[in-house]
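Please keep the sequence and the model in view while reading.

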Amino acid sequence: MIRKMSTAQPLKKLVSCVILDLDGTLLNTDGIVSDVLRVYLGKYGKQWDGREIKKIVGKTPLEAASAVVEDYELSCTTSELLSEIAPMFSNQWCNIKALPGANRLIKHLSGHRVPMALASNSPRENIETKISYHQGWKESFSVIIGGDEVRLGKPSPEIFLEVAKRLNVDPSSCLVIEDSLPGVTAGRAAGMEVVAVPSIPKQPHLYTLADEVINSLLDLRPEKWGLPPFQDWIKDTLPLEPWHIGGPVVKGFGRGSKVLGIPTANLSTEGYGSLLSEHPSGVYFGWAGLSKRGVFKMVMSIGWNPYFNNTEKTIEPWLLHNFDEDFYGEELRLIIVGYIRPEANFSSLQSLIEKIHHDRKVAEEALDLPLFSKYKDDPYLKSST
């Protein structure tokens, strides 16, 4: 198999251990938080506004509950809210999925015997319960500390300094990976290197304290920090566990053909909110089945398209074939088999167009490899034709 490593990255700083946050960094908990609060607030005749999530991300349970009581002017106390929603959350822990790249990162660091620690503002008991549903996680961490085991939670550096103490390492040799502003602030205050993986979309500019901001764990390059590099990139693509999405082709923004000269076959995101939340914005590739036309190579973007500043997360597949006519309304099924790059902004329309055509070239070449070409015969695609 042809393997091509990404371009060598300049070393930022040599680190010897990695400290990870849990909720929003390794686990996709934001959706469950929203679901629980939507139900709970409904009892008070209030409607959960997902935008409020940024006020509670990374906070201790007490701080988050206090913010909800205050913002929604609830008649209950913070303690009452916590006691009522605790069992609602406990019932959902088994349903929390690992974020893309989480299992890959843990296995990689563990396999190379890089010391790892878990430091979360959540209570230790909750941490233990959540990670128990993910095989191999607990034994991979040399140290696990919950917010109830320190005097002050993040943004205080106390939890990270305690991790360094238990690992018997200097704080400056630790790399912290965090999704929240309190976590990033705590890591920097502890004198550690910090990589931010923002769980709140379209907010990377808020993470100026971080040494690096990446779109998702798929984009982490351990070699930048003197750690062993991943060896799983193949011809500028990262193989993924295949996933499916489908529906009728809908009219998009009208810019694919007219502005970019690239005809995309847009899918409606209705009913796919939870699926979209599971997958980071970025450029992916795979195969597309059209109900009346057959199966074709495909490259697609998921996200907000920073150049056009979309207000909603969209799915924009480009079927790599010259069609003589539009096919709005036809059933389109996609199988996504690999990842190319994170979503990015561009200084000009021309540079965006050039990058999209480069993505096409990468996808076309990769899909000829047996690793990816075998999925052309996936029954999911055939059932639409």
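## Loops and backbone angles

In which loop does Asp236 lie? Asp236 is found in the loop between E6 and E7. Helices (H or I, at least four residues) and strands (E, at least two) are DSSP runs, numbered from the N terminus. The model is a predicted one, in which local features need pLDDT of at least 70 and side-chain atom pairs count only at pLDDT 80 or more, while totals for chains, interfaces and linings use all residues. Residues are numbered from 1 along each chain as its sequence is written, and side-chain values use heavy atoms, with hydrogens and water left out.

The phi angle of Asp236 is near 65 degrees, a positive value in a residue other than glycine. Asp236 counts as partly exposed because its relative accessibility is 30%; buried means under 20% relative accessible area, exposed over 50%, and partly exposed in between (1.4 Å probe, protein chains only). Lys235 lies in the loop between strand E6 (212-213) and strand E7 (238-248). With 24% relative accessibility, Lys235 is therefore classed as partly exposed. Between the C-alpha atoms of Lys235 and Pro201 there are 29 Å in space, and the two are 34 residues apart in sequence.

Arg113 belongs to the loop between H4 and E2. Its phi is near 55 degrees, again a positive value in a residue other than glycine. Arg113 has a relative accessible area of 75%, so Arg113 is exposed. A further backbone feature is the cis peptide bond that joins Lys154 and Pro155, with omega about 20 degrees. Pro155 is located in the loop between E3 and helix H6 (158-167).

## The parallel sheet

Six strands make up an open sheet with parallel pairing, in the order E3-E2-E1-E4-E5-E6; two strands pair if DSSP finds at least two bridges between them. At the edges are strand E3 (143-145) and E6, each of which pairs on one side only. Within this sheet, strand E1 (residues 17-20) pairs with strand E2 (residues 116-119) in the parallel sense over three bridges. Leu20 stands opposite Leu118 in E2.

Helices also pack here. H4 lies across E1, E2 and E4 and runs at about 140 degrees to E2. Helix H7 (residues 181-189) packs on the sheet and touches E4 and strand E5 (193-196), its direction making about 165 degrees with that of E5. Contact means heavy atoms within 4.5 Å. Axes are lines fitted to C-alpha atoms, for helices over the stretch in contact, and angles run from 0 to 180 degrees between N-to-C directions.

## The antiparallel sheet

Another open sheet has five strands with antiparallel pairing, in the order E7-E11-E8-E9-E10. E7 and E10 are the edge strands, each pairing on one side only. From one strand to the next, the twist averages 30 degrees.

Strand E8 (residues 282-290) and E9 pair in the antiparallel sense over nine bridges, and a hairpin of three residues joins E8 to E9. Leu290 has Gly294 as its bridge partner in E9, and Gly289 stands opposite Val295 in E9. E9 also pairs with strand E10 (residues 314-319), in the antiparallel sense over six bridges; here Ile302 stands opposite Ile315 in E10. Strand E9 (residues 294-303) is mostly covered, as nine of its 10 residues are buried.

## Enclosed space

Rolling a probe the size of a water molecule over the atoms shows where empty space is left. On a 1 Å grid over the protein atoms alone, a cavity is a set of points where a 1.4 Å probe fits but cannot get out, and lining residues have an atom within 4 Å of a point. Grid points are joined across faces, edges and corners, and a volume is the space filled by probe spheres set on the points. By this rule there are two cavities of 30 Å³ or more.

The second largest cavity holds about 40 Å³ of space. Its lining consists of Val18, Leu105, Leu109, Leu175, Ile177, Leu220, Pro222, Trp225 and Leu227. Helix H4 (102-111) and strand E4 (174-178) each supply at least two residues of this lining. The lining divides into nine nonpolar, no polar and no charged residues; Ala, Val, Leu, Ile, Met, Phe, Trp, Tyr, Cys and Pro count as nonpolar, Asp, Glu, Lys and Arg as charged, and the others, Gly among them, as polar.

Definitions and conventions: On a 1 Å grid over the protein atoms alone, a cavity is a set of points where a 1.4 Å probe fits but cannot get out, and a pocket is an open set with protein on both sides within 12 Å along at least five of seven lines; lining residues have an atom within 4 Å of a point.
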